[in-house]
Amino acid sequence: MYICTIIVTRSIMKEIHEFSIIARRQHGERYFSLVLRHGGTMQPVAPGQFVEVLVEGEPGVMLRRPISVHDVDAEAGTLSLLIQVVGKGTQRLSELKVGDRLNLVYPLGHGFSSDLRPPTSALLVGGGAGIAPLLHLAKCLKASGVRCTILLGGRTADLIPVRDEFTPYGDLCLATDDGSLGHKGLVIEHPAFSAPYDIIYTCGPTPMMKAVARSAAQRGIRCEVSLENMMACGVGACLCCVTDTDQGHRCVCKDGPVFDITNMKKWYND
Ligand SMILES: Cc1cc2nc3c(=O)[nH]c(=O)nc-3n(C[C@H](O)[C@H](O)[C@H](O)COP(=O)(O)OP(=O)(O)OC[C@H]3O[C@@H](n4cnc5c(N)ncnc54)[C@H](O)[C@@H]3O)c2cc1C
Ligand code: FES
């Protein structure tokens, strides 16, 4: 316990940063986004990396909350978060206003491979709050000349937030369970899903990601999944976020959250 506390404290002390909120937008009832500016020089953030947010003013929330980096503007020194309200922590964050400060530990985790070169074609599959890390990824891929198809899904149109932000970075395809937007059905049933790609990236509900991974494996397509296991320390010390891989247990916070499916057969076949 003592050693664990030292590891967490040391890891976190190095990385704590104060940001101020410079913009806030509401997206339907459940989602909101925050644009944050760093007081000094912002550290580089790879697509798929995440931050651990300190939730202040809510006594029921002790642990920081992991949130993916949605967008980065290195020139402006800003980063954005896209957050779905699901409980006390995210509810408290949704009450923050422009001018408030936010305390982050960042950048954390191992992100998506985004150093691809043309003529690579990529499919990005997102569902629910899993859409969040895909915008920064799509921007990086587009900047490298990779052709992107971006396939986003949700139960209803309202639950696919910020979809318009993706249009400059690839062909945008949508799927909703109720048919209120785009293809009626699951993302894996969308015609764009079965086209050939060099790589598939996915983030969203676990059953969706497992189905995407199984299909990619069957088709021999390289695939990376971004897991959203519950976390506590966020830096590999408490082991509460472990996932079972073909190579044994791995910490999602430190070894992931992004994993290549090559060694994830146990996970996606479970
Ligand atoms: C690496 C990573 C990146 C993430 N990125 C984002 C993001 O960009 N945007 C976003 O909105 N959310 C993201 N999440 C999920 C987010 O961390 C949780 O929704 C948040 O911690 C919930 O806090 P809360 O206090 O509001 O809810 P709690 O009161 O802690 O929980 C409310 C409900 O949500 C469930 N829940 C909490 N955390 C998770 C989780 N990780 N997975 C599944 N169910 C959970 C709980 O079981 C409970 O039923 C991410 C999670 C991880 C691990
Ligand atoms: S959250 Fe503590 S080890 Fe991953």
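Predicted model: local features only at pLDDT ≥ 70, side-chain atom pairs only at ≥ 80, totals over all residues.
Student: Which elements give two or more residues to the shell around ligand 1, and which of them gives the most?

Tutor: Two or more residues come from each of β4 (65-68), β6 (78-84) and α2 (88-94). The greatest contribution is 4 residues, and the element that supplies them is β4.

Student: Of the residues around ligand 1, which come nearest?

Tutor: The shell around ligand 1 holds 19 residues. By class, 10 are nonpolar, 6 polar and 3 charged. Those that come nearest to ligand 1 are R65, P66, Q84, G89 and T90.

Student: What is the distance from a polar side-chain atom of R65 to an oxygen atom of ligand 1?

Tutor: Polar contacts to oxygen atoms of ligand 1 involve both backbone and side-chain atoms of the protein. From the backbone, an N or O atom of Q84 lies 2.7 Å from a ligand oxygen, and one of G87 lies 3.1 Å from a ligand oxygen. For the polar side-chain atom of R65, the distance is 2.8 Å.

Student: How much of the area that ligand 1 exposes when taken alone does the protein bury?

Tutor: Taken alone, ligand 1 exposes 890 Å². The share of this area buried by the protein is 74%.

Student: Where is P107, which a cis peptide bond joins to Y106, found?

Tutor: The bond between Y106 and P107 is cis, with omega at about -15°. A further cis bond runs from G256 to P257, with omega near 10°, and P257 is placed in the loop between β15 (248-251) and β16 (258-260). P107, by contrast, is found in a strand, namely β7 (residues 101-108).

Student: V162 has a positive phi although it is not a glycine; is V162 buried or exposed?

Tutor: The phi of V162 is about 45°, and the residue lies in the loop between β9 (147-154) and β10 (171-176). Its relative accessibility is 11%. Because the limit for burial is under 20%, V162 counts as buried.

Definitions and conventions
Residues numbered from 1 in each chain as written. Chains lettered and ligands numbered in written order. Heavy atoms only, no water. Near = heavy atom within 4 Å. Polar contact = N/O pair within 3.5 Å; in protein donor to acceptor, adjacent residues only side chain to side chain. Areas by Shrake-Rupley, 256 points an atom, 1.4 Å probe, with all protein chains shown as cover. Nonpolar A, V, L, I, M, F, W, Y, C, P; charged D, E, K, R; others polar. Buried < 20%, exposed > 50% of the residue type's maximum accessible area, 1.4 Å probe, protein only.
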